[in-house]
Amino acid sequence: MKRVLRIAAFVLATFAPAALAEAADDITVYETDTPFADVAFDLGGAIVNRGFVVDYHGFIGEMLQRTAEDVGAQKALYKNAEFFQFCSAVISRRAMEEDVANIAYCPYVVFAYETEAAPGTVRVGFRRLPEGGGRDQVNALLDEIAREVAGE
């Protein structure tokens with residue numbers, strides 16, 4: 001099963017429901033039934049194979065599980081959830097030459113997760129930057145990576 005979804009970030013949906021409608025278009029997600037471990041491996045590889053360096057590989061799912069009791073959480077959210085942070089000197093420079101304020105969007109992040117509610121369905125995606133102002137090439141790169149890993 002592979003299809004594209006537009007979704008709002010979990011945190012925004014939880015803590016700012018009024019802003020949900022505005023945020024729905026800034027997250028791009030693709031679904032796959034490929035096992036999560038393979039997706040996570042492929043996501044890192046898709047970044048490195050383009051000549052970029054993964055600056056940080058975060059394990060959000062593990063962190064939420066580890067801290068659940070400390071924050072009084074009653075619900076398990078993810079079976080697995082990870083993100084990869086990286087940057088591109090070439091694409092970032094172009095974006096920042098267009099508008100120096102684009103520094104706010106670097107580094108770039110792509111993520112993968114599998115929820116407790118839908119085991120076996122892995123979502124791969126990224127937060128879409130606002131269009132124009134030198135950011136379109138960044139969006140194209142992030143979309144290319146997410147699509148490749150999801151098998152789109």
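Tyr78 and Tyr113: buried or exposed? I looked them up, and Tyr78 is buried, as is Tyr113. For the cut-offs, buried means under 20% relative accessible area, exposed means over 50%, and partly exposed is in between, with a 1.4 Å probe and protein chains only.

**Ground rules**

I am working on a predicted model, where local features need pLDDT of at least 70 and side-chain atom pairs count only at pLDDT 80 or more, while totals for chains, interfaces and linings use all residues. Residues are numbered from 1 along each chain as its sequence is written, and side-chain values use heavy atoms, with hydrogens and water left out.

**Aromatic pairs**

I describe a pair of aromatic rings by the distance of the centres and the angle of the planes. My rule takes rings of Phe, Tyr and Trp (its six-membered ring) and pairs them if their centres lie within 6.5 Å; planes under 30 degrees apart are stacked, over 60 edge-to-face, the rest tilted. By this rule I get five aromatic pairs. Tyr56 and Phe83 have ring centres 5.7 Å apart and planes at 40°, so I logged this pair as tilted. Tyr56 sits in strand E3 (residues 54-58) and Phe83 in strand E4 (residues 78-86), so the pair ties together parts that are 27 residues apart in sequence. Strands (E, at least two residues) and helices (H or I, at least four) are DSSP runs, numbered from the N terminus. I noted Tyr56 as partly exposed at 47% relative accessible area, whereas Phe83 is buried at 18%.

Back to my opening two: Tyr78 and Tyr113 make an edge-to-face pair, 5.5 Å centre to centre with 75° between the planes. Tyr78 belongs to strand E4 and Tyr113 to strand E5, so this pair ties together parts that are 35 residues apart in sequence. I also found Phe52, Phe86 and Tyr108 in one aromatic cluster.

**Helix H5**

Which residues of helix H5 (residues 89-98) are buried? I found Ile91, Ser92 and Ala95. Looking down the axis of H5, I see its buried residues within an arc of 95°, so they line one face of the helix; the arc is taken over the directions from the helix axis to the C-beta atoms. They pack against strand E5 (108-115) and helix H6 (136-150), with contact meaning heavy atoms within 4.5 Å. On the face turned away from the buried side I have the exposed residues Ala89, Arg93 and Glu97.

**Salt bridges**

Side chains of opposite charge can pair when their charged atoms come close. I count a salt bridge when a side-chain nitrogen of Lys or Arg is within 4 Å of a carboxyl oxygen of Asp or Glu. How many did I find in the whole structure? My search gave six salt bridges.

Arg93 and Glu97 form one of them, with the closest N and O atoms 3.3 Å apart. Both lie in helix H5, four residues apart, about one turn of the helix. Arg93 is exposed at 54% relative accessibility, and Glu97 is exposed at 59%.

Asp143 bridges to Arg128, with 3.9 Å between the closest N and O atoms. This pair links distant parts of the chain, with Asp143 in helix H6 and Arg128 in the loop between strand E6 (122-127) and H6, 15 residues apart. Asp143 is buried at 13%, while Arg128 is partly exposed at 24%.

Asp143 also meets Arg147 in a salt bridge, 2.7 Å from N to O. Arg147 and Asp143 are four residues apart in helix H6, so about one helical turn separates them. I put Arg147 down as partly exposed at 35%. My last entry is a network: salt bridges that share partners join Arg50, Glu144 and Glu148.
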